[in-house]
Each structure stands twice: as structure tokens, then as C-alpha cells.
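Me: I'd like to learn how to read side-chain contacts in a model like this one. Can you walk me through it?
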Amino acid sequence: MQRDEAKLREYYAAAPADICLADVDLDRVPSHVSIIMDGNGRWAQARGLDRSRGHVAGVDALREAVTTSVRLGLDALSVYAFSTENWRRPQREVDLLMHLFATTLVNELPLFHQENVRLRFLGDLDALPEKTRQVFQRGLDETADHTGMTFALAVNYGSRAEIARAARQIAQEVAAGSLDPSDVDEDALASRLYTAGLPDPDLLIRTSGELRLSNYLLWQLAYTEFYVTPTFWPDFSRWDFLRAVVSYQSRSRRFGGVVTS
Ligand code: IPE
Ligand code: IPE
Ligand code: MG
């Protein structure tokens, strides 16, 4: 993806002691970064606040992550915002999150226009409240012509449900005679996932220190590099993003082969 180097340098001007833009090889930034945004509740609890305040603060961190991704010239940023298991939370928290998704999306549309960001969603949107679904559709419609970075928001997303859904679609197509069983290969399955057309993530970031996937992108993360930071999501800054990219660039990705250089 094209990047504006002058804007990037300005964005990363006031560097802390341990990291700066020069630490990054700009010719090798990951194409697709994915983030499990975790720790909003603990961020709030540590301050004696209601968990909902953590979710509200998390919106600022997400805006910064989108801007950072655009500045670095990523092709795609995807983020886990609500899992199929998150319905188990208290109704009040679920309602707040659904409301926050809708209001945030409306508020951030000017940013998507300004930065030419194309929006997409991962997950089953049918189960969402009507208002949230309407706003999501508006976001899709208004950014459909954008040619810059793709921003994928995973809402009511669960990887097992996603894979089961793809398998069901394939079974239906085979039963209808429009798909031959011998054509059911990895591409056939991948093209029926919510992420169809997106490259697999190169780098997965999880905040708040948890070492698990929580039903996120089980198929797509097969060869993704992981970066876990103890930082709670609302505190995750452009500098933390840079630390993750520097760590990613120090890895040797072998994809099952051997190192050749
Ligand atoms: C992540 O923060 C946001 C969502 C899952 C919606 P949490 O709400 O999971 O925060 P913790 O993990 O309880 O601290
Ligand atoms: C994963 O976080 C889901 C999102 C970040 C949206 P959770 O907080 O729901 O994950 P667990 O329950 O700790 O595994
Ligand atoms: Mg959590």
C-alpha cells in the first residue's frame, strides 16, 4: 500500500527512549496486522471505574491503531471487537458494546473518507440489533469505493462457527450439483470464510497478556507471527504498534521450509 513518508515521520516524531521509526524496515512492514483488543475491563477496574469506561477508552486506542496502520502503509488491519462467546456477558455490557459500535462507526466515517479506508465486517451480523446493523451497512456502502487500506471489524465473530458455515455452504453446493467434491480444496474453503479475499494476517497482536486465541481466525492464523503485550488495550499506542512490528521483523518466517539466507 502507498504511504506518505512525510506524514509518517511527523506522526512518529516525538519518540520515547526505547523505540523510534528508524528501528523499522519500511520495506518489510507486514501486509495484514490483526489485533485481539483485550483488557478493557481490567483497565477500567484498575482505575476504580465501571468496565464500560474501558470500552469507551478502547475506542480511542482503535482510532489510533487505524491511523497508525494507514501511516505505516498496511494493506489491511483487522480487529476482534466482539466474539460469539461475548453474548455471555451481562446484558448491560452487551447493550453498551452494541451501542458503542454503532456510534463509533458513525463518528469515524469522516476518518475513513479522509484516509481512503475501506470497511468490511467479519462475523454473523444478522444477530446484531437493527440499529447497529443499519449503521454497519451504511459504513459498507459509504466506503465501498475506497481504494486504500482495508479495515475489517470482527463482530459476533467465532472461528468455529465461520468454518462450520463454510462447510455448510460447500455441502449445499455439492448437494445442488454446482460444486464437485474433488474441487473442495483449501482455496474453496478459504473463499467461503468471512475473510475471503483478504491475505492471511502476517502479525497477530494480543493485548493484556493472555496467551490464547479465544476462537479467533483459527484457519487464517496458520503461519501468522504472534506478539503478546501485557498492555491493556486502551493504553495501546502507536509506539506499542511499532514495538510489535519491530518484533515481527526480527522473526524468521519459514512456513515449514528451511532458512535460505
Ligand atoms: C476486550 O476487553 C473487549 C471485548 C471483549 C469486547 P474485555 O472486556 O475482554 O476486558 P477484560 O479482558 O475483561 O479486561
Ligand atoms: C476475546 O477477548 C474477544 C475480543 C477481544 C473481542 P475475551 O476477553 O472475550 O476472551 P477470553 O474470554 O478472555 O478468552
Ligand atoms: Mg477480555
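Me: How many salt bridges does a search of the whole structure find?

Reply: Side chains of opposite charge can pair when their charged atoms come close. The search here turns up 23 salt bridges, each one a side-chain nitrogen of Lys or Arg within 4 Å of a carboxyl oxygen of Asp or Glu. Keep in mind that this is a predicted model, where local features need pLDDT of at least 70, side-chain atom pairs count only at pLDDT 80 or more, and totals for chains, interfaces and linings use all residues. Residues are numbered from 1 along each chain as its sequence is written, chains are lettered from A and ligands numbered from 1 in the order in which they are written, and side-chain values use heavy atoms, leaving out hydrogens and water.

Me: Which residue forms a salt bridge with Arg243?

Reply: That's Asp240, with the closest N and O atoms 3.0 Å apart. Both sit in helix α8 (residues 238–249), three residues apart, about one turn of the helix; helices here are DSSP runs of H or I with at least four residues, strands are E runs of at least two, and both are numbered from the N terminus. Asp240 is buried, at 12% relative accessible area, while Arg243 is partly exposed at 23%. Buried means under 20%, exposed over 50%, and partly exposed in between, with a 1.4 Å probe and protein chains only.

Me: Which residues do salt bridges that share partners join into one network?

Reply: Asp38, Arg42, Arg206, Glu210 and Arg212.

Me: And aromatic pairs: how many does the structure hold?

Reply: A pair of aromatic rings is described by the distance of the centres and the angle of the planes. The structure holds 13 such pairs. Rings of Phe, Tyr and Trp (its six-membered ring) pair if their centres lie within 6.5 Å; planes under 30 degrees apart are stacked, over 60 edge-to-face, and the rest tilted. Take Phe112 and Phe151: they are tilted, at 5.8 Å centre to centre and 45° between the planes. This pair links distant parts of the chain, with Phe112 in helix α4 (residues 91–114) and Phe151 in strand β4 (residues 150–157), 39 residues apart. Phe112 is buried at 3% relative accessibility, and Phe151 is buried at 3% too.

Me: Is the pair of Phe121 and Phe136 stacked or tilted?

Reply: Stacked, with 4.1 Å centre to centre and 15° between the planes. Phe121 is buried at 9% relative accessible area, and so is Phe136, at 1%.
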